[in-house]
There are 2 protein chains.
Amino acid sequence: MSASNFGHFDDANKEFVITTPYTPLPWINYLGNNGFYALISNTAGGYSFYRDPKFRRLTRYRYNNVPMDSGGRYFYFNLDGDIWSATGRPVDAKLDHYECRHGMGYSRFIAEKNQLRSELTSFVPLNTTAEVHRLQITNQGDSDKSFSLFSFIEWCLWNAEDDGTNFQRNLSTGEVEVESNTIFHKTEYRERRNHYAFYSVNREMQGFDTDRQHFIGTYNSFANPQAVQQGKSTNSVAHGWSPIASHQLDITLAPGESQSLIFVLGYVEVEESQKWQAQGIINKQPAWQLQNQFNTDAKFEQALSELNQYWANLLERIKVDTPSESFNRSVNIWNQYQNMVTFNLSRSASFYESGIGRGMGFRDSNQDTIGFTHMVPSAVRERIIDLAATQQSDGSAYHQYQPLTKKGNAAIGGNFNDDPMWLVLSTANYIKETGDANFLQQVVPFEDTPEVPNTLFDHLSASFNHVLNNLGPHGLPLIGRADWNDCLNLNCFSTEPNESYQTTQRGPSDVAESLMIAGQFVLYGKEYIELCKLQGKTELAASAQQAVDTMIATVDKHGWDGEWFLRAYDSRGLPIGSHKNDDGKIFIESQGFCVMAGIGLDDGRAQQALDSVNQHLLAEHGVVLQQPAFADYNKFYGEITSYPPGYKENAGIFTHNNPWIVVGETLLGRGDQSFDYFSRFTPLFRPQDMAKHKTEPYVYSQMIAGKDAAIPGEAKNSWLTGAAAWSFYTATQYILGIAPDYQGLRINPCIPADWSGFNFTRQYRGATYHIEVQNPHKVSKGIKQLIVDGNPIEGNLIPFDDYQGQHKVVVVMG
Amino acid sequence: MSASNFGHFDDANKEFVITTPYTPLPWINYLGNNGFYALISNTAGGYSFYRDPKFRRLTRYRYNNVPMDSGGRYFYFNLDGDIWSATGRPVDAKLDHYECRHGMGYSRFIAEKNQLRSELTSFVPLNTTAEVHRLQITNQGDSDKSFSLFSFIEWCLWNAEDDGTNFQRNLSTGEVEVESNTIFHKTEYRERRNHYAFYSVNREMQGFDTDRQHFIGTYNSFANPQAVQQGKSTNSVAHGWSPIASHQLDITLAPGESQSLIFVLGYVEVEESQKWQAQGIINKQPAWQLQNQFNTDAKFEQALSELNQYWANLLERIKVDTPSESFNRSVNIWNQYQNMVTFNLSRSASFYESGIGRGMGFRDSNQDTIGFTHMVPSAVRERIIDLAATQQSDGSAYHQYQPLTKKGNAAIGGNFNDDPMWLVLSTANYIKETGDANFLQQVVPFEDTPEVPNTLFDHLSASFNHVLNNLGPHGLPLIGRADWNDCLNLNCFSTEPNESYQTTQRGPSDVAESLMIAGQFVLYGKEYIELCKLQGKTELAASAQQAVDTMIATVDKHGWDGEWFLRAYDSRGLPIGSHKNDDGKIFIESQGFCVMAGIGLDDGRAQQALDSVNQHLLAEHGVVLQQPAFADYNKFYGEITSYPPGYKENAGIFTHNNPWIVVGETLLGRGDQSFDYFSRFTPLFRPQDMAKHKTEPYVYSQMIAGKDAAIPGEAKNSWLTGAAAWSFYTATQYILGIAPDYQGLRINPCIPADWSGFNFTRQYRGATYHIEVQNPHKVSKGIKQLIVDGNPIEGNLIPFDDYQGQHKVVVVMG
């Protein structure tokens, strides 16, 4: 199938246009960015939730269903018995025209059939706990058309996990109210909940259903609901079973006439004392108020325009113009857009993350900030504080925290030993972006000493010392349950199915060590030293420098395998990622982190390590995680060896770590190499692979099947991946090389040699820099001239204090 | 809809015949009784598992789906593009004939279309870890018919909970092998699993699919798989995503010709050292052996015949012939059948219990034995030992244990204070059935003192003393987290959604007391005393008698509300189930247990209590749990007040406790009353209510909506309910009054006065009693004459020692 069978980019509108309901997998968008979130596929499948996708899920969605993508915001037309959907599915009617446009925080669906054209626009207005849907229907024929329209959503009974398992209770709890043109979902509101949901339409309805069996029928499907087939709602009131919300709207349109309907799916919290307006009757005032904000076309359009402006402003902060259209599209639109999503949701809710298993990851969330700080620094500031607040005074950290409570997740605990140092990255990055070094003095108590007024800087010191306090037999950092690679479980020895690879501990001693953490310690240890110096803590900086130097020496001594860096030592003291191994001779993570840390840059080992990566790990769609793939399960290694070869951590292309190699290559000055790597794992460069890739072509997926896989290039687990933040960070700060530093913008591009240059607009601490990089000598790296507002300056730093306001910057490479 | 629209009983074959695929809810059967279990609906929906429905689930099933009942063992016909299912669904083709016959451990499906008749017979052979399906297809037309048949099952990736949530991993782990005509599912076999599954057919296949997307298509449904529509398998080999198993069989039948196909869905465990026959190739020997047991019609029929004989033998042990056809049908067939299921599965896996949340309940499993001990006493013996082994030396018990490990479930813990005393009931019942008093000396260590050789009797003493050691301010038993009514949570005070009503403890002190446990203590305390005496422990018996007498006095003093027994005292010392309450003035449980315990039998209070039940709690479909229903949530009472009125514990008809009132009425001698009650909640008496009742008309459901409900009479949560064992126990031992006692059979019927008598055949300790009860004087209770083998005997006990072998017993009431 050619790419055009599925869709294409519309850069002018910042949209991806999907031209068939039948994409290889559902291709989704995210709506909302302020607590109320919605996942919406190209046929309006998906669900909505308030803050926590496990505990406050508004609508029901069935993962991995048959047919795929079952449940969503559906609109059914019945015109003289002919039935179709406004969003292409779930009714599989042949449409005269179908289109889905996923844009920045909104999605639009166009369907034409029987000379009726519908356009559905869906979004979550800014600062609103509701998603709104406007359906505009136009009679394109030359005679009157009378038809019925049926809306449909299915309520989730709030707790998504319980909703999918505890039927002996849940089939008896469902409750609704119907008033005016609004259906209220109030399950468990009678008891401990202070929130309800509603689904409204802004005109009189001719009927409704609130009980699924009445609307759909027991054995009918979403494709042929009984009430739609019969052209008549049953006015059912749900008592238990499965509450839904469906409006019937009977409409007649004259030729050329249009009608607009606005549906609001809202979430409302009510104070305990205000819960009821009468015995058993919920207080609906907040719902009426919420609906009234969007009950006219003018209000709807105003809210949409505010959202558009919001995104336009966000995307103005960094804009690039390079010879690569795919690169521009990624950096200017889709990568930034995905960064907002990963920042908001961590790994909690996607079409592959079920929203009930994982909270906000300490490691993930710190990393997610590096692609997002330039967009909404205040949100990053709050996130860093939330993360730090779950850290212990010994520097260890809960691996996850819960978004509703912001408490660490005790069920998973800590001891993932790379976690703490990521806080240094996010904090340093925040200060470089904002210049707000005072942030280090922000009081954030440790979780275990809530009364002690520790500062954020104390947290960074604790992180740094946590590594030093947890060194193994070779003086390398202990890995704990796992480092960045959750599946490298060197102290666990799991032999029973159904037990956790990460938490089942059977090792005689937990002495396994990680070269990835060693590199990470050196890299972010240097950052920590900078932060010490920034505060005038020279003695602390000196002692930290000593620790970093020692670690470098230790890596030199115990971490080099001859042609690349080792990955780890296992609990028996045996090397992993060594030529001595049968499988897993070379890994990506330690090459990435040791080279990024600068280890071996001066003696050729860094280059040798990356040459080895090129030789052993490179595949068509990116760099695989290790080679050779593990053929058999090895309890001493854990989950990594549980996957079939070529998938996930067992030699899959784990996109998150690919940028590390790209960064490494830029440090070596190999711009062609780095750009080639970047273009392999970035889907926007490969529209021709849409069918093979399967997941959305506009965002990164967590994994692309590697060269050992049965189907190399097939991607899985789209949207929620650290690849998003890292790719943007890499593209802007290492490839284009426009990097915020403590004192200003640092300019150090590393680009394909055949580029003649590029333009880069950067808002930075209130100033705006219009940067023109010229590459007359076709080099990859090196700056001959840096001219700011016509004045040449020395070095490659544009000191912020000297250059506030608007600026024209010319950079000449050579 | 009339009953005949859905189905009818076929007593001669011990089958329920379902005549439409479109029952109000899926109507299912259970296959298997020895570790391998299958749930199978009237259209072959459902799933299979080995021992543990959470950790060893073989096939995937989607609960509460749209359409309802999605996933199963499907067989698709494609004859010249015309497609239908051998089981009525999932293809919604109109059949010329459809029939599903659920029998004892097997189900049979007949479909006719296009003059092709198919008959599918499905069962789990005795002592076999496989389900077998024979599909017989006959050409009833007068010309050759060529068609393709496609089998289909979808594999679950073993851990059902993980399978439904952890997609970021699971979409990459699926693995299969195809060899000969067998599809092997080996996901995770490469690592920690020592088991795989397979699906085979006993002839050459023309094609296969093992990847769901290839067979069904991304957006097609179970009703129209792509490969079936195209008439051609794709020979797909699954790598990750969703592995399935589908055979394509091309068949041509001459007029009148039949063909028989046997499919085996098997589960195999392999020793670690034998796992592989070559690198990456699983050892298939055990699979070939298993298949070969059923690869011919003769073998298939032999295995089915053995199953039929097994059930015939089981149901020979108790057979009744009364004037009530519904009663006979229930006692002789369906209630016993359901008892096997509840014994095997506790509350773990039904179409309402998702199989991932609950293990074997201590309380439930003890009670489930009382309807099953006469069938397979050896299994009950083992179960009692397993249950006792999870008890603590202080008498407390884990509320549940896991079927795979038989370990107590620490996540839920104990402190449900009625749990321990149920062990007295099950043990006493076992000894009365078998005469095996030595069982009391069986060594079963307590869970916390594994080295001490305690006996089973020590466990009963611990149970007894646990009540005495946990008395509250009034001297009544402390309720703990909850007594039998899991939803009466008097010490917890939950105010936040998503926390457990049972385990969130916020009470200032746990002093709430239960009259239900008080009655239970007296009732089973008396049994304990009998067991003491049986062993000659007269002093222990005397002190226990004193404790029981004290409890009776305490109930007299603090447990009587004036017209009925109180239900409880809450943590504040306030009564529950009192005329002083606004809601919940009277409850069923304490009336049932205090009257069954004999409290107030001598002074008219027992009768008054049951008269109050009649006056306040009786509804058309049974006795509701309490009245008035709770209108509002009350944190001092807990979950019971969370349900909408009329549902579940909030004034629903909770069938499990209805027999307690029936027993109580028989103690009062009110045979008409007791039988009337029995006939209300027993669905076999109400075939006219099939449509309203919704759940299967041949088994008990946990709950029937009460009179406060929006839809009274609507049942929920069928199959797995304590109502099964209790109803059978009540019907045989209290209504018909043929009750095993320590020394022999005791005869004490309490029947409707208009019955002229009944016959009762009872196998008992190797003897068989053919009992004819005559009721010439039309009384409900009382025996004038007891004649065994022509010899009148005194009293109502047939001493076993005197009457072994075959016997003719005549009982004359009056």
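1. Salt bridges overall. Across all chains, this predicted model holds 101 salt bridges. One sits within chain A: the side chains of D676(A) and R680(A) meet at 2.9 Å, N to O. Both residues belong to helix α17 of chain A, residues 671–681. They are four residues apart there, so about one helical turn separates them.

2. Salt bridges between the chains. How many salt bridges are counted between chain A and chain B? The count is two. One of them pairs E639(A) with R169(B). Their side chains meet at 2.9 Å, N to O.

3. Extent of the interface. The contact draws 78 residues from chain A and 78 residues from chain B. Interface size is often quoted as the accessible area lost when the parts come together. Here chain A and chain B bury about 6800 Å² between them. Carbon and sulfur atoms account for 52% of that area.

4. Polar contacts and composition. Between chain A and chain B, 55 residue pairs are in polar contact, with both residues at pLDDT 80 or more. On chain A, several elements each supply at least two residues of the side that touches chain B. They are helices α2 (167–170) and α3 (212–216), and strands β33 (701–704) and β34 (715–718).

5. The annotated domain. UniProt, in an unreviewed entry, places the feature "domain: Glycosyl hydrolase 94 supersandwich" at residues 14–282 of chain A. In the model, that span is 46% strand and 7% helix. Its end C-alpha atoms lie 42 Å apart.

6. Strand β1 (residues 7–10) and strand β2 (residues 15–18) of chain A pair in the antiparallel sense. Four bridges join them. H8(A) has V17(A), in β2(A), as its bridge partner. Four residues lie between the strands of this hairpin. K14(A), in the hairpin, takes a positive phi near 50°.

7. A three-stranded sheet in chain A. The sheet is open, with the order β25-β26-β27 and antiparallel pairing. Which strands form its edges? They are β25 (513–514) and β27 (575–576) of chain A, and each pairs on one side only. Strand β26 (residues 568–569) of chain A is joined to β27(A) by two bridges. The two strands run antiparallel. A568(A) stands opposite I576(A) in β27(A).

8. The three-stranded sheet in chain B. Chain B has an open sheet of three strands in the order β25-β26-β27, again with antiparallel pairing. Why is one side of β25 (513–514) and of β27 (575–576) in chain B left without a neighbour in the sheet? These strands stand at the edges, each with a single partner strand, so one side of each has no neighbour in the sheet. β25(B) pairs with strand β26 (residues 568–569) of chain B over two bridges, in the antiparallel sense. S514(B) stands opposite A568(B) in β26(B).

9. Cis peptide bonds. In chain A, the peptide bond from V66(A) to P67(A) is cis, with omega near -5°. P67(A) is found in the loop between β6 (57–59) and β7 (74–79) of chain A. In chain B, the bond from V66(B) to P67(B) is cis, with omega near -5°. P67(B) is placed in the loop between β6 (57–59) and β7 (74–79) of chain B.

10. Positive phi in loops of chain A. Where does S180(A) lie? S180(A) is in the loop between β14 (176–179) and β15 (182–185) of chain A. Its phi is near 55°, a positive value in a residue other than glycine. K648(A) has a phi near 50°, positive again in a residue other than glycine. The loop that holds K648(A) runs between β31 (626–627) and β32 (653–654) of chain A.

Note on methods:
Residues are numbered from 1 along each chain as its sequence is written. Chains are lettered from A and ligands numbered from 1 in the order in which they are written. This is a predicted model: local features need pLDDT of at least 70, side-chain atom pairs count only at pLDDT 80 or more; totals for chains, interfaces and linings use all residues. Side-chain values use heavy atoms; hydrogens and water are left out. Contact means heavy atoms within 4.5 Å. Buried area is the accessible area (1.4 Å probe) that two parts lose on being put together, summed over both. A salt bridge is a side-chain nitrogen of Lys or Arg within 4 Å of a carboxyl oxygen of Asp or Glu. A polar contact is a pair of N or O atoms within 3.5 Å; within protein, one must be able to donate a hydrogen and the other to accept it, and residues adjacent in sequence count only if both atoms are side-chain atoms. Two strands pair if DSSP finds at least two bridges between them. UniProt positions are given in the numbering used here, feature names are shortened, and annotations may be inferred rather than shown by experiment.
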